[in-house]
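Student: Please take me through one part of this structure in close detail. I would like to know what surrounds it and how it packs.

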Amino acid sequence: MSQTLFHFTTEEEVRRTAQFRRDMFEGSGNLDEDTLAVDEDFDASSNCVVVGIVERDEIMAVMRIHVLGGKVRTSPAHHVFPDVLGPELDRGVRIVDSSGFCVRSALSRERIDAAYRLLAVSIHIAGRLSPSKMIATARGKHGLFYRHVFGGRLACEARSYPGRRHPLSLYIQDTGDLVARLDNRGERRFQLDGADRAIVDGALKTVMDRRGEG
C-alpha cells in the first residue's frame, strides 16, 4: 500500500500527531506525563511544521520541525539547550530543530523507508536556509546514527527533555557539510522526489510567511 508524505496543518490534524507521539513514546517507555504539556505546547508555535507519513488516513510516522533564526527561537531544543544554541543564533545562523520523531513500531522495511523520508524532509528544509545548521536531540543508538551517518557533533551531554522520561543529548551539524558528506557517500536515502519537495516547500513557505520572510 502506498504511503504518502503529509503536512499536518489544522488543529485537529496536529492533535492527531500529538496523540500518535504519546502512544509511541508510551509504548517505548519514554513518556513523561508530568512534562508532556510543555512539549506539546511547541506544536502550536508559528515557526513549526508537522509532517508525517500516512497510509489510508492512518499515521505511520511523524516529525515536528522548528525553524529558528534571529529573534524567533521557540523550539524544544532551544528550551533545553539555550546556552548552546543561543550563540549560534546570535551569529546569524538559522537552525532547523527536528523533534518528536517517531515511527509506528509494527512497520518493517516500510518503517525504515518512512524514517529516512522524514529525515530527508528536515535536510531539505535546512538546505533551503543559508547559512543553517541541523540539530538533533537523541540518546543511545540514535545518537550514534546522527554521528556516524550525518557526521553530527555532540554539542552537549544529555539533559532532561520535556515529555521524555530519558534525558537527550544535543547533536549539531552544518547543513552544507552534511549535504556534502551524503553526496560523497552516494547516499540516495535522504533525497525527496518532486512531489515530496513540493509539499515541503509549501510547508516551509507557510512558516517563512508567518515570520515575515516569505
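Tutor: Start with the largest cavity. Its lining has 14 residues, and M134, I135, A136, Y146 and F150 lie nearest its centre. A cavity here is a set of points, on a 1 Å grid over the protein atoms alone, where a 1.4 Å probe fits but cannot get out; lining residues have an atom within 4 Å of a point.

This is a predicted model, in which local features need pLDDT of at least 70 and side-chain atom pairs count only at pLDDT 80 or more, while totals for chains, interfaces and linings use all residues. Residues are numbered from 1 along each chain as its sequence is written, and side-chain values use heavy atoms, with hydrogens and water left out.

Two or more lining residues of the largest cavity come from each of α5, β5 (132-138) and β7 (168-174). Helices (H or I, at least four residues) and strands (E, at least two) are DSSP runs, numbered from the N terminus. By class, this lining has ten nonpolar, four polar and no charged residues. Ala, Val, Leu, Ile, Met, Phe, Trp, Tyr, Cys and Pro count as nonpolar, Asp, Glu, Lys and Arg as charged, and the others, Gly among them, as polar. The space inside is about 110 Å³. Volume means the space filled by probe spheres set on the points, with grid points joined across faces, edges and corners.

The axes of α5 (residues 109-128) and α7 (residues 175-184) come within 9 Å and cross at roughly 125°. Axes are lines fitted to C-alpha atoms, for helices over the stretch in contact, and angles run from 0 to 180 degrees between N-to-C directions. The two helices are therefore oblique to each other. Angles under 35 degrees count as roughly parallel, over 145 as roughly antiparallel, 65 to 115 as roughly perpendicular and the rest as oblique. On the α5 side, I123, A126 and G127 make the contact; on the α7 side, T175, L178, V179 and L182 do. Contact means heavy atoms within 4.5 Å. These residues divide into five nonpolar, two polar and no charged.

Helix α8 (residues 194-210) is another partner of α5. Their axes come within 10 Å and cross at roughly 55°. That makes α5 oblique to α8. R117, V121, H124, I125 and R128 of α5 meet D196, R197, V200, D201 and L204 of α8. This contact holds four nonpolar, one polar and five charged residues.

How values were computed. 1 Å grid on protein atoms, 1.4 Å probe; cavity = no way out; pocket = protein on both sides within 12 Å on 5 of 7 lines; lining within 4 Å.
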